[in-house]
Amino acid sequence: MTTQPGIDEIRRALCENESAPNGLLRNARAEELVAAAESTGDRDVLRTALFGLIKAYEYSTERGKMMVPFARLLQEWDSDPAAFGSHDTYTFHWMFKWVSSGMLTLPEMPLATMEQWLAEMERRHRIAGYSERAVRQAEFELAVDTGDTDRAARAFAAWTAADRDRMANCHACELNDQGQYWLDEGRDDKALHTWEPVLAGHSTCMEEPHRVLAKSLLPLVRTGRLDEARAHHLRGYRMARGNESLLPTIGQHIEFCALTGNEGRGLELLAEHAAHLASDGNPWARLQLFTGVLVLLRRLRHLGLADEPAVAYAGVQRTVGELHDLLDAEAAAVAARFDARNGSDVVSGRLTRRLEREPLTDRLPLGVRAAHPAPAAPASPAPAGTQRSAAGPERTVAELAAEARKLRAHGHPRAAALWDRVETLLSGSEETPDPLLAADLREQRALRAARAGDGSTARGLFEEVVAAYRAAGDPGRAALNDLRVLYAAVQGEAQPTEVWQLLADAEEAAHALDPADPTRRRRIASAALTRVKLEAALTRDETGPDHHDHHHDNDHRAHERFDAALAAFVAEFGDGDDVGDVVAEAEQARAEQAWRGGEGEKADALFASAAQRCVDAERPWEAAEPLARRASLLHVLGRPQEAEEAARAALAHSAELVEPDELGRIRLTLAEVLQHVHGKADETAAHALEASHWFDAAGDTVAGAYARHVLAQAYAATGRDAEAAEVLESALPDLLRLGDDQAVQSRQLLARSLRALGDQRAAAEQYLLAADVAKGWDDDRPHAQLATLAAECLAAAGLLDEAAAAYHRAVALWRAVGEQGACARVLRSLAWLEARQGRTDAAKELMARALEAVEGDDPGDGLHVERARTCAQTAALLLDALDDVEYEYEDEEEDADDGGEEQEHPRAVADGPSDDDRVRDEAVGLLDRAAAIYASLGPALLDERVGCLVRAAWTERERHRTDEAASRIRALIAEVSSLDTDEARDALPDLERTLEQITSED
């Protein structure tokens, strides 16, 4: 038989449930507590339980259920309003607004009932003496939901004109609805202006700025404020995620992703909240969630992804198309129910308009790692034989091919896109390309296979290309593709003898070209450079492993031979610009060799020369890579200004590049350089964001992850910790693949952001995980630092036992590496942790150990500050413990005055006061010692010295030695007055007030 809980037990349970997470479990517990409270017969505890149940419903998907408990609360009020205290009276009238807005979300609630309820709310608020502001806002919401625009305009004007009193909604919630009004009127700028206090964090509440951040997304994009839209999404989704009372907000984030080219991110958000799709919840909230999801699903269908997997619904895994059809039907049905209730088609009309929205931008990079759905091939090709340019008339295949050949001859990166257009046009027509064009297109297919890493397929295709060009009468292109056959063979891991033979064939083909062929010198130079590189690579492979010393000598000699061969190549072909880009390739290879060999200045000169050769050859896009590499080198060499100049030059020269991995590298280089330049964090973030976008397009998850690490660093540097955490969490799995150093750096950065956001438990987890990685390193200092940081976060999270264990671990580590100052700092923190739990003796012992760790008179030990701080904190601990005993004594005296049994207190015995005085004298001695150490270190630590002497003076006064206390402060004022520093000038007014307080009578 279950024992009925008592009233005190119920009250404790109500208090615990108040802080429980929003959701069905909290609601169920609140319902149980109402039943338990009712069984006690105590009307007061029943009212408290009813208030708790209504609040639980309000912040969940079961808002519609609050009418029943509120009706019971209304009966309680009507039967005995005097039983409600002032706070309960206020809360009772406040909840009228919740019930009024809750009715709007239930299509089964008759319109007449809502009108009656609004009138009842107005009557009761008027009787209670409240302004009509809350009532007019409720009327406005009713008018908007039912589509009565004239009434909505009148109510809006009356609402915003009425006085704000205690019954008005919080300012943030009011601004939310007011901004929505202007948004519905098509006035994006005015809506955003109205929301500004909420978006800036000046006006907040339990659900703001969560909701306004989501509502601002599309208007920000429409008004061109893309950076703010990105930031609001990252920050706002983090706030709303997992909160079932904010499902409409989740829907808006999903819709934003769908309309900004982030369909993959939208699918991830949908997966995180898929359980709510089939749940029985508030109809209005479900409709808003469905609408955002349907915008995404419609977009995916348009991209040809209807058959791709989406999420499970009703226990069955669904494709995009299946889920769309199910939700579309359900959303239409729910909207129809609201329309039937309202007597209009307002809700269905709003649903249709949202679903018909077109994308606002092709792609807005968000910085987070997400799967990006690849659009299916277009359902119908472009018209045969022609292509309409966005900037010009229709162009024939022959014209496009001629332009593509011209760009190709100059090495222009955009030539490939023209060949793709030619291929697309021909694929949709019956036109047969001539032999030369057929060879050109076959060459493009071979190049695509090579870029995809399929060496075997690429080799076969290149061999066909060689034959096709020879048959078409273009031996120059054939000679080039002879070299590509060689590259594909190497890619396919062909044997060295075969590789050498292919090189010999390519060299023979190049030299066999007619001397009048304009490509002959380029083909010969390319073959010669290929020989130099192959000799270095294949010779190194043939050498194989050896003893360490011999291996090092072999590497050194190979390095010298390779550099000499490259230098000889440059000397032979360096005159003239016709092969300047090929010579630049050789110089860049020399630069990389020099950098690896520790010859930084030589590498710098070679990178600069390579870039200039590309510019002189009128191929500026090829200068981007050597300039970027030069920027990285200069950054390592500690020449930040030159590094920035080189990185910016690389970006400027990359304008014509099209390969996403190249574009990503250029931007990441600039971001890495700028992140160490003061005041450039925002620009760093912009370039790192672009880099991550391009690496995603290239499918390079590792480089993309590192770019996100740089992006998160830039965000964190400017206080954008929510964005930093969101970016890092998305990239962390890939970052962990970059080695232990990167894993520790990324986890530590994430922990700092989480800590800044107040999520101490999650921050501690990241610090501990990083510490586990660092514990195997030769240097234990990082391990010790991470253990210390984890302990601080665990303590802040209230996990005191875990914090103590982490602190003890850190003490042992700091002691092992001989860092006595750090050891003392951790021991002090551990002492305060013990004091926080009332274990004063253990805290004093730890402070003594901290002082012992830094004791000594060696002026060169660098421990002066830690010595002083340990003395000061030991004194503070002693005095605080004394104050705690006094407070306990006073409490017991009050209990005795109230009629309790008088007991002898330890402080009441004859020698009690002298013990206290001895503690105070000891504390004063420690404070004086700390102040003396601070004085020896100069004015930089004036604030800490003043703090010690002021507390010593107050302690003297507690010993009834007012003259000594006043003398201390007067001497300190005289000393500080003689100092010509801002710190001294700031300290003087406080010291003068302290002197006045000390010398005044009690």
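These legends describe close-up views of a predicted model.

**View 1. Confidence along the chain.** The protein averages a pLDDT of 91. A score of at least 70 is reached by 92% of the residues. Residues 376–391 have a pLDDT below 50, with 25 contacts in the model beyond near neighbours in sequence. Under 50 is also where pLDDT stays over residues 887–912. For that stretch, the model has twelve contacts beyond four places in sequence.

View 2. Strand β1 covers residues 309–313, and strand β2 covers residues 316–319. The two run antiparallel and are joined by three bridges. P309 stands opposite T319 in β2. Two residues lie between the strands of this hairpin. In the turn, A314 has a positive phi of about 55°.

**View 3. The aromatic pair F70 and W117.** The structure holds 20 aromatic pairs. In this one, the ring centres of F70 and W117 are 5.8 Å apart. Their planes meet at 70°, so the pair is edge-to-face. F70 lies in helix α4 and W117 in helix α6, so the pair ties together parts that are 47 residues apart in sequence. F70 is buried, at 0% relative accessible area. W117 is buried too, at 15%. Both belong to a cluster linked by ring pairs, with F51, F70, W77, F84, F92, F96 and W117 as members.

**View 4. The aromatic pair F156 and W159.** These ring centres are 5.6 Å apart, and the planes lie at 85°, so the pair is edge-to-face. The two residues are three apart in helix α8, about one helical turn. F156 is buried, with a relative accessible area of 9%. W159 is buried as well, with 0%.

**View 5. Charges over rings.** The charged end of K97 sits over the ring of W94, 3.0 Å from its centre. R166 lies over the face of Y90, 4.1 Å from the ring centre.

Key: Residues numbered from 1 in each chain as written. Predicted model: local features only at pLDDT ≥ 70, side-chain atom pairs only at ≥ 80, totals over all residues. Heavy atoms only, no water. pLDDT = per-residue confidence, 0-100. Contact = heavy atoms within 4.5 Å. Pairing = 2+ DSSP bridges. Helix = DSSP H or I, 4+ residues; strand = E, 2+ residues; numbered from the N terminus. Phe/Tyr/Trp six-rings, centres within 6.5 Å; stacked < 30°, edge-to-face > 60°. Buried < 20%, exposed > 50% of the residue type's maximum accessible area, 1.4 Å probe, protein only. Lys NZ or Arg CZ within 6 Å of the ring centre and 35° of its normal.
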